Amino acid sequence: MKTEVNERLNDFSTEQKIKNAARVVFHKKGFAAARTRDIAEEAGINLALLNYYFRSKEKLFNIVMLEAFQSFFSSISVVFSDEKTTLEEKIEKFAADYIDLLFQEPEIPLFIMSEIRNNPKELMYNVNLKKAVFSSVFFDQYNEAVRHGKIMDRHFLHFMMNFMGLIAFPFIAKPLLKEITGLNEVQYNDIIAERKALIPLWMNAIMRK
């Protein structure tokens, strides 16, 4: 029995070590440039052992990104369901936390776009995004504001597209925008960080036009 328990613990420890290493390498090099050999070296294991636990770079990437995304939406579900905060406070919190997540996990937009294209239903199921949004206090507060004329009577989808686009697009288009503007990494990231405060202001203006 002890041997089986030890084996499970060793498996978990090795898998976690590989996932942690993968996150570091994907962050440094991006998905396209990262190699499984780089990840194995970062984890301090041989390539054969990495391939034993994770059959491909794609599978490892999807697992690492999905875990990060699930963790984020678990925390944001708490924010969306908080009856003590206003709609505006929830928008501010979501924008700041999502930008922080994308700073930590810059490959998440690539993962999301890939999953939306290939496995949209599976992504919805794994993240439970529909329930997190449409069964939340946040959604009720939005509809209440519409009913009272505080927000223009637009479809909620317009709000979501505008909100998510303002947050995610600067990360998706980062290489192009840096090239166009001539900004270095630090300068560009400073601009994105400013958006934590600006996006709630922009959304407030859009909703109340």
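Me: How much space lies in the largest cavity?
Reply: A cavity is a set of points, on a 1 Å grid over the protein atoms alone, where a 1.4 Å probe fits but cannot get out. In this predicted model, the largest cavity holds about 70 Å³ of space, a volume being the space filled by probe spheres set on the points. Residues are numbered from 1 along each chain as its sequence is written, and totals for linings use all residues.

Me: Which residues line the largest cavity?
Reply: Lining residues have an atom within 4 Å of a point. Among them are Tyr142, Arg154, His158 and Met207. H10 and helix H12 (185-207) each supply at least two residues of this lining.

Me: How much space lies in the largest pocket, and which residues lie nearest its centre?
Reply: A pocket is an open set of points with protein on both sides within 12 Å along at least five of seven lines. The largest pocket contains about 680 Å³. Of its 28 lining residues, Ile112, Ile116, Leu129, Met160 and Met164 lie nearest the centre. H10 gives the most to this lining, with 9 residues.

Me: Which residues of helix H6 are buried?
Reply: Buried means under 20% relative accessible area, with a 1.4 Å probe and protein chains only. In helix H6 (residues 108-118), the buried residues are Ile108, Pro109, Phe111, Ile112 and Glu115. Seen down the axis of H6, they fall within an arc of 160 degrees, so they line one face of the helix; the arc is that of the directions from the helix axis to the C-beta atoms.

Notes: Predicted model: local features only at pLDDT ≥ 70, side-chain atom pairs only at ≥ 80, totals over all residues. Heavy atoms only, no water. Buried < 20%, exposed > 50% of the residue type's maximum accessible area, 1.4 Å probe, protein only. Helix = DSSP H or I, 4+ residues; strand = E, 2+ residues; numbered from the N terminus.
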